[in-house]
Amino acid sequence: MIPTMIPTMKPPMKPLRHAFVLLVAGMIGCQDGASDDSRISTTGPTKLTTTFLPNAVRIHEKVVSGGLPDGDDAFDELKSLGIKTIISVDGAKPDLDIAKRHGMRYVHLPIGYDGMTLERMQELAKAVTELEGPIYIHCHHGRHRSPAAASVACIGAGMIPAQQGMVALHIAGTSENYRGLFQAVQQGHPLDEALLEQLHVEYRETVPLPPIAEAMVAMEHTADHLQLIADAGWQSPAKHPDLTAGHEALMLFEHYTELLRDPSVQAKPAPFQQLLRDGQATVAELQQTLLSREDDRQPAVTSDSDVMTIWGRVQTNCKDCHRNYRDNPRE
């Protein structure tokens, strides 16, 4: 539910599935007519086999897209890939300490699910041009924002033909619901070299986010914890024994509470606020149900399927809010 930047251009889109078939069919010819620049990829996007890096896709010999590197094992895997620079396009604050321990530089260039500004497109292209590589570009799950950002960056820098950006989205499994991300890639084109040379980018390790976006990041991480617990049959996951269902549901409820108190939320349209209140009420039901199940003094009166039903309603509320207020470019 992270509301963020709006794309600067919105031309009519072809049906994405048909467009992808045409792009793949024309890929060889497009590559033959591509620039003579030695930077240009000769292979095309490929899925990488990784253990600790979610959804890793090599976009170019210098650029890999994927999900959040979490823990030393993930950073060791980045090191095995030769990664020197990490670019986060996620809203969450990067883990700078662990990156520095592994000798890697972190750069924070966050984007939204609804697209990218022209300025951000140019900054990404400049980054992959001049920062030390190989470069790992990540969002949270590595499925939507990072492959789009990495593709836009490489297309803008003249490192891959524009058509390969759509192939990268397909390999990463980017949802067609994120129209702004698809538009950004479809609109991608090599930027003038003089423009890139003159462009000044302040590469910051972390940048502050608007309060709503920061709250949504926290909610997303808590929801991920709850999904891990749900996958473990509403028990603490073996790899995360510190996570308990009742506590994580309580934390999610509190995130909703604080968000609804925020003045910037209170200035939003009434339907948006109502979706948040509906979500909070459903999370409260989930919280009470899970806490009662954890109470040894009373027998559990709800089955796992009952809890999953409530959890499904929480997720549906999130998806409705995302669809209406986060994922798509504003008309």
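Of the 331 residues of the protein, 49% count as buried, meaning under 20% relative accessible area, with exposed over 50% and partly exposed in between (1.4 Å probe, protein chains only). The model is predicted: local features need pLDDT of at least 70, side-chain atom pairs count only at pLDDT 80 or more, and totals for chains, interfaces and linings use all residues. Numbering runs from 1 along each chain as its sequence is written, and side-chain values use heavy atoms, without hydrogens and water.

The secondary structure comprises 14 helices and six strands. These are DSSP runs numbered from the N terminus: helices are H or I with at least four residues, strands E with at least two. Among contacts (heavy atoms within 4.5 Å) between residues at least 6 apart in sequence, 72% join residues at least 24 apart.

Take helix H3, residues 72-80. Its buried residues are Ala-74, Phe-75, Glu-77 and Leu-78. They sit on the same side of H3 because they cover an arc of only 155° around the axis, taken from the directions from the helix axis to the C-beta atoms. On the other side, Lys-79 and Ser-80 are exposed. The buried residues pack against strand S4 (85-88), helix H4 (96-101), strand S5 (105-108) and strand S6 (135-138). Just after H3, Gly-82 takes a positive phi of about 80°.

Now the aromatic rings. A search of the whole structure finds one aromatic pair. Rings of Phe, Tyr and Trp (its six-membered ring) pair if their centres lie within 6.5 Å; planes under 30 degrees apart count as stacked, over 60 as edge-to-face and the rest as tilted. Trp-234 and Trp-311 are edge-to-face, 6.3 Å centre to centre with 90° between the planes. The pair links distant parts of the chain, 77 residues apart. Trp-234 lies in the loop between helix H10 (211-231) and helix H11 (245-261), Trp-311 in helix H14 (residues 304-325). Both Trp-234 and Trp-311 are buried.
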